[in-house]
Amino acid sequence: MSCTLNSAKGALGSWTKASSRSSSSRALSCSSSATTKTTDLNVKVEPAPRKNRPTSTPLLMVQGWACCSEDWGAVPKLLASAGNRPVITFDPRGYGHSPSFSSTAGPESALEVLVDEVLEAADIADVRKMHVFGISFGGMAAQRLATRFLQAEEKDAAAKAAGRSYAQAWLHSLGVLTSRASADEEASKLTLSSLVLCSTTPGGSVAAPPPDGFLETFDGWSAGDHSDKVHIAEAFVRQAVSPEFAKNYRGQLHKAAKRFVACRREAAAIESQAEAVGSFNGEPDLEVLKRSSIPTLVLHGDSDVVFPPGNAERIASLLGPSRSKLEIVKASGHLIYMQQPKEFVRIVSEFLDDAEQKQRS
């Protein structure tokens, strides 16, 4: 059973916790099908299954363009079981059971919104130390998130003399921390244990772009009926798997497309994210990440046509061998977790376990 946290700040170790954040009272519900509508994100936590063993550091997973938490399928449960760690997923605004998406100006605005939502999801789940996994557009958000944390850390030492660190002020301005006292207490607890950048791109002029027309896949989404949307979703999923998989598993792709349509996806959110994907340049983020000690797994399928594997090689090259580990999964397209779920879970779990082991030693 997974726990759905709606407008709730739930402690991962005890499944109930009162919160004094902001102006709303916050309650926790554990349910496999909770659909309470609130102003906060719809956040789900797959708990660590073995209570008689030490619980590993939580993993927060960030979905890609046009995707919601339901699209992970059984993956959160598999990862929770493999590492005995809580796995947190969420619906971005405009998707699933989260509130509607509010359009903002600027082509990269949807990326910054998603980064803010990652922090919000962590706050709702009451997480202050976590691994972050981002796939595709979620991988771009993970790069930007790391930059925010690292730049805050770098400025923190110089700002402490003023009585309040840059990191504390930044988190306070986002609404993640709501008082001077809580800012001073909580900012020091925020830690990125590792990053997994999956099926993503460094962006910029050197990156291999998506195929022509890919970012226009959902152009008819808002006006289409159910049948039209299934057709659009099937075209989207077909591009996200290897050509061989698309040819041999047509029935499975059709079922995946029908599940895709069953989850709410607002056209405004899809369009805004598409603009952000098209304008993304993560090389400055990677230059910052290179200066850190955060272990980073760069994971990619060898048959990815959305972001060809050369993008993963470029990310790994920018970070350098001492800062990153590159894993290319054979016979897999963009959605590695869909095509190769066992291999996907093994690679990610082993990396997270190894990162924690090194941090303890």
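Helix H8 (250–262) gives the largest share of the lining of the largest pocket, namely five residues, where helices are DSSP runs of H or I of at least four residues, numbered from the N terminus. This is a predicted model, in which local features need pLDDT of at least 70 and side-chain atom pairs count only at pLDDT 80 or more, while totals for chains, interfaces and linings use all residues. Residues are numbered from 1 along each chain as its sequence is written, and side-chain values use heavy atoms, without hydrogens and water.

The largest pocket holds about 610 Å³ of space, and among its 33 lining residues Asp71, Trp72, Arg259, Tyr337 and Met338 lie nearest its centre. Besides H8, the elements giving two or more residues to this lining are helix H1 (75–83), helix H6 (226–239) and helix H12 (336–339). By class, the lining has 24 nonpolar, six polar and three charged residues, with Ala, Val, Leu, Ile, Met, Phe, Trp, Tyr, Cys and Pro counted as nonpolar, Asp, Glu, Lys and Arg as charged, and the others, Gly among them, as polar.

On a 1 Å grid over the protein atoms alone, a pocket is an open set of points with protein on both sides within 12 Å along at least five of seven lines, whereas a cavity is a set where a 1.4 Å probe fits but cannot get out, and lining residues have an atom within 4 Å of a point. Grid points are joined across faces, edges and corners, and a volume is the space filled by probe spheres set on the points.

Helix H2 (109–124) and helix H9 (267–279) each give two or more residues to its lining, with H2 supplying the largest share, four residues.
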